[in-house]
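The sequence and structure come first.

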Amino acid sequence: ENLQLKTMATDTQRETEEEYTKFKQGDIVEVVGLSATPQFNGKRAKIVGLFMVDTKRWPIEILDATQEKIAVKTANIKLSPSLCATDPSLKLKFPQNRIRRSGLECLVESGIGL
């Protein structure tokens, strides 16, 4: 019985670690699958704090005029496609470079593939 409890605790700890490392503060995400507050589904948000282990939720700020702050489960957010990677003006200016997102900024990395 003790072995079974220990295994259950280990599984729970592993699940929490996986959730904790899936995103990081500053990531831009899309809200999905909320049933209690469906008005946020499809909205882009920024992760504004660390994963809260006690509630197993991420603090996010909705990126619209309301700038509402809510806490959501890992299952209710997904990484949003980078606006940097799809911005044609950046691709035209820097065709040989990789452009990536860091928080809300676009960073240009030179020398990629040379």
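## Confidence

In the protein chain, confidence is highest in strand β4 (residues 69–72), at a mean of 97, and lowest in helix α2 (residues 83–86), at 56. The score is pLDDT, the predictor's confidence in each residue, from 0 to 100. The mean pLDDT of the protein chain is 76, and 56% of its residues reach 70 or more. Helices (H or I, at least four residues) and strands (E, at least two) are DSSP runs, numbered from the N terminus.

This is a predicted model: local features need pLDDT of at least 70 and side-chain atom pairs count only at pLDDT 80 or more, while totals for chains, interfaces and linings use all residues. Residues are numbered from 1 along each chain as its sequence is written, and side-chain values use heavy atoms, with hydrogens and water left out.

## Aromatic pairs

Rings of Phe, Tyr and Trp (its six-membered ring) pair if their centres lie within 6.5 Å; planes under 30 degrees apart count as stacked, over 60 as edge-to-face and the rest as tilted. By this rule there are two aromatic pairs. The ring centres of F23 and W58 are 5.8 Å apart and the planes stand at 90 degrees, so this pair is edge-to-face. F23 is in the loop between α1 (2–22) and β1 (28–31) and W58 is in strand β3 (residues 58–62), so the pair ties together parts 35 residues apart in sequence.

F51 and W58 form a tilted pair, with 5.1 Å centre to centre and 55 degrees between the planes.

## T74

T74 lies in the loop between β4 and β5 (77–79) and is buried, with a relative accessible area of 7%. Leaving aside residues up to four places away in sequence, T74 touches E19, K22, F23, F51 and W58 (contact means heavy atoms within 4.5 Å).

## Salt bridges

The structure holds three salt bridges, each a side-chain nitrogen of Lys or Arg within 4 Å of a carboxyl oxygen of Asp or Glu. D27 pairs with K24, the closest N and O atoms being 3.0 Å apart; D27 is buried at 7% relative accessibility, whereas K24 is exposed at 55%.

D64 and K43 meet at 3.1 Å, N to O. This pair links distant parts of the chain, 21 residues apart: D64 in the loop between β3 and β4, K43 in the loop between β1 and β2 (44–47). E61 and K69 meet at 3.2 Å, N to O; E61 is buried at 15% and K69 is exposed at 58%.

Key:
Buried < 20%, exposed > 50% of the residue type's maximum accessible area, 1.4 Å probe, protein only.
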